[in-house]
Amino acid sequence: MQAWLDSLMALLALPQYGLSTLFVAAFVSATLLPVGSEPFLFGLLKLNPDMFWPAIAVATIGNTLGGAVDWWMGYGAHKVADKYSHSKHHVRVLGWLEKLGPKACLLSWLPLVGDPLCAVAGWLKLPFWPCLGYMAIGKFLRYVTMTVALLYVFPS
């Protein structure tokens with residue numbers, strides 16, 4: 001298994017597969033797994049600076065689709081979460097999210113709370129397509145901001 005994983009990672013690390021690696025990293029980082037996609041994006045852009053916008057687009061699409069998976073997981077987990085719906089903190093946060101609606105998904109780029117926020121949006125059955133649109137806007141702005149900042153701090 002380890003040899004197969006090593007060969008897969010070596011294949012994905014090749015420059016011609018850089019965007020596919022970035023897509024997978026961005027997708028996985030949007031799930032509840034603690035993986036960041038910014039190092040992949042930064043590394044790809046250091047190797048290929050002319051790919052700024054395609055890389056931003058691929059990272060945004062991958063991360064947004066990962067957020068969509070979170071939304072669907074939340075949608076399906078509604079029954080499980082009902083067990084914990086009695087705390088006042090829980091009720092306050094849910095009220096805030098219901099009041100904001102899909103616009104709350106603009107905050108999906110935030111570390112630690114962004115990915116669970118997408119799941120909670122699904123759990124609340126907020127409209128999927130508006131949530132997905134707001135997720136994409138938030139994630140796009142994060143990638144542009146983080147990448148420009150990293151390229152400014154670490155110029156070639």
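Which element gives the most to the lining of the second largest pocket? The points below answer this and describe the surrounding helices.

1. The structure is a predicted model. Helix α8 is the element that contributes most to the lining of the second largest pocket, supplying three residues. Two or more lining residues also come from each of α2 (18–30) and α7 (114–123), with α8 itself covering residues 128–153.

2. The second largest pocket holds about 330 Å³ of space. Its lining consists of 21 residues. Among them, S29, V35, P111, L112 and D115 lie nearest the centre of the pocket. Sorted by class, the lining comprises 11 nonpolar, six polar and four charged residues.

3. The phi angle of K125 is near 60 degrees, which is a positive value in a residue other than glycine.

4. The UniProt record, an unreviewed entry, lists residues 52–73 and 132–154 under "transmembrane region". In the model, residues 52–73 are 100% helix and 0% strand.

5. The axes of α4 and α8 come within 8 Å and cross at roughly 140 degrees. An angle over 145 degrees would count as roughly antiparallel; α4 and α8 are therefore oblique to each other. Their crossing is right-handed. By class, the contact of α4 with α8 contains 17 nonpolar, five polar and two charged residues.

6. How do the axes of α3 and α8 cross, and at what angle? Helix α3 spans residues 38–47, and the axes of α3 and α8 come within 10 Å, with a crossing angle of roughly 55 degrees. Angles under 35 degrees count as roughly parallel and those of 65 to 115 as roughly perpendicular; α3 and α8 are therefore oblique to each other. The crossing of α3 and α8 is right-handed.

Key:
Residues are numbered from 1 along each chain as its sequence is written. This is a predicted model: local features need pLDDT of at least 70, side-chain atom pairs count only at pLDDT 80 or more; totals for chains, interfaces and linings use all residues. Side-chain values use heavy atoms; hydrogens and water are left out. On a 1 Å grid over the protein atoms alone, a cavity is a set of points where a 1.4 Å probe fits but cannot get out, and a pocket is an open set with protein on both sides within 12 Å along at least five of seven lines; lining residues have an atom within 4 Å of a point. Grid points are joined across faces, edges and corners, and a volume is the space filled by probe spheres set on the points. Helices (H or I, at least four residues) and strands (E, at least two) are DSSP runs, numbered from the N terminus. Ala, Val, Leu, Ile, Met, Phe, Trp, Tyr, Cys and Pro count as nonpolar, Asp, Glu, Lys and Arg as charged, and the others, Gly among them, as polar. UniProt positions are given in the numbering used here, feature names are shortened, and annotations may be inferred rather than shown by experiment. Axes are lines fitted to C-alpha atoms, for helices over the stretch in contact, and angles run from 0 to 180 degrees between N-to-C directions. A crossing is left-handed if the near helix is turned anticlockwise from the far one by less than a right angle, and right-handed if clockwise.
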